[in-house]
Amino acid sequence: MGVTPLRAPPTQAEAADRFAPADPSALGRCRHRVLGMTSHIMNRSSLTRFAWLSIAAAILTIGLKAIAYLLTGSVGLLSDALESFVNLVGAAMALAMLTIAARPADEEHVYGHGKAEYFSSGVEGTLILVAAVSIGIVAIQRLITPKPLEQIGLGIGVSIAASLVNLAVARTLLRAGKRYDSITLEANAQHLMTDVWTSVGVLAGVGAVALTGWERLDPIVALVVAGNIVWSGVRIVRDSVLGLMDTALPVEEQIRLQKLLEQYMKTGVEYHALRTRQSGARRFVSVHVLVPGIWTFLRGHQLLERIEADIRHALPTVTVFTHLESLNDPASGDDMALDRADAPPVGPPTKG
């Protein structure tokens, strides 16, 4: 009986070759994905600098508008100062939620922390509504008991300076919000732009009082301002609620997905159960892909890899889930709805 010689343990080079992927570029693609995810996390964490900018602008404009109110006694300018205080609270909330949203996924939050941004915009929208009510109460009181305005020219000058600060910051936040797909920054920017237009209306009211001498014009403009603020607050709260309720992606993005998948149907492949949602900046897409039953698992898997790659190129910051099914299995159509009908368990496959 011959003795089989012991085989020497593999060298480091042989071990590397043995466990290397069949496709030499696969490891490179894996590294690229990891680096891309790391870059995304770094980009999200850097958004807090815009929140700090908003906080600084809010503090500055509160001071300027408070000075303008003290100089003129205009309730319109007071309403402007109150809204800037809301801007400060909203910016502080944005800072906190952007910090949380930038955290990577963990065991308790496997889909990430992106939804934290909706809490920020929701709170900011609520604060806008509270400020609108406060402005309305003060304006009605001043409408009943008018009060002459003082030092209008100087007060208007100070308020214009505050509005220019808000305009510059709002445009910066809006560009950043669109670039990084951040609902928090976009909501903050829209709020600041509302503040700018509010200031324009208030200044028009104060100027009208100076020209006509009709003191009730100031609280009337303040009431119009309050109505505009209510509309802005309702819209921001609505968008936040829709995000928290896993609303589907915008129609144009869904159409883009459907056109992409229809290209594969020309090759005899079908799909169903296409579902989408958005969590802050991250999008989630899941779809079931049906292939002929004679296909091997490897061929089906390679198809899913191509589909997922195409979707990642079509949509920014998207996580894709695909499920492979057979066109020849009637059970493949049972999971098109969100809740699948219960079926008796079949147990694990048997050998032989």
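The second largest pocket of this predicted model has a volume of about 570 Å³. A pocket here is an open set of points on a 1 Å grid over the protein atoms alone, with protein on both sides within 12 Å along at least five of seven lines, and a lining residue has an atom within 4 Å of a point. Grid points are joined across faces, edges and corners, and a volume is the space filled by probe spheres set on the points.

Before the details, a quick word on the ground rules. Local features need pLDDT of at least 70 and side-chain atom pairs count only at pLDDT 80 or more, while totals for chains, interfaces and linings use all residues. Residues are numbered from 1 along each chain as its sequence is written, and side-chain values use heavy atoms, with hydrogens and water left out.

**The second largest pocket**
- Among the 23 lining residues, Tyr118, Ile183, Glu186, Asp239 and Gln278 are the closest to the centre of the pocket.
- Helix 5 (116-144), helix 7 (183-212), helix 8 (217-244) and helix 9 each supply at least two lining residues; helices (H or I, at least four residues) and strands (E, at least two) are DSSP runs, numbered from the N terminus.
- Helix 8 provides the largest share of this lining, with six residues.
- The lining is made up of eight nonpolar, eight polar and seven charged residues, where Ala, Val, Leu, Ile, Met, Phe, Trp, Tyr, Cys and Pro count as nonpolar, Asp, Glu, Lys and Arg as charged, and the others, Gly among them, as polar.

**The largest cavity**
- The structure has one cavity of 30 Å³ or more, a cavity being a set of points where a 1.4 Å probe fits but cannot get out.
- About 40 Å³ of space lies in the largest cavity, and its lining consists of Leu261, Tyr264, Met265, Val269, Glu270, Tyr271, Val289 and Ile307.
- Helix 9 and strand 1 (270-279) each give two or more residues to that lining, with helix 9 giving the most, three residues.
- Seven of the cavity's lining residues are nonpolar, none is polar and one is charged.

**The largest nonpolar core**
- This core has 19 residues, and Val285, Val289, Leu303, Ile307 and Ile311 touch the most other members; a nonpolar core is a set of buried Ala, Val, Leu, Ile, Met, Phe, Trp, Tyr and Cys residues joined through side-chain atoms within 4.5 Å.
- Helix 9 (251-265), strand 2 (282-291), helix 10 (297-314) and strand 3 (318-326) each give two or more residues to the core, and helix 10 gives the most, with five.
- Not counting residues up to four places away in sequence, Ile307 touches Leu261, Tyr264 and Val289.

- Helix 3 (residues 48-72) reaches 36 Å from its first C-alpha to its last, close to the 36 Å expected, and the expected span is 1.5 Å times one less than the number of residues.
- Ser54 lies in helix 3 and counts as buried because its relative accessibility is 2%; buried means under 20% relative accessible area, exposed over 50%, partly exposed in between (1.4 Å probe, protein chains only).
- Leaving aside neighbours within four places in sequence, Ser54 contacts (heavy atoms within 4.5 Å) Ala91, Val169, Leu173, Asn188 and Leu192.
- The 30 residues of helix 7 should span 44 Å, and its end C-alpha atoms are 43 Å apart, which agrees.
- Just after helix 7, Gly213 takes a positive phi of about 80°.
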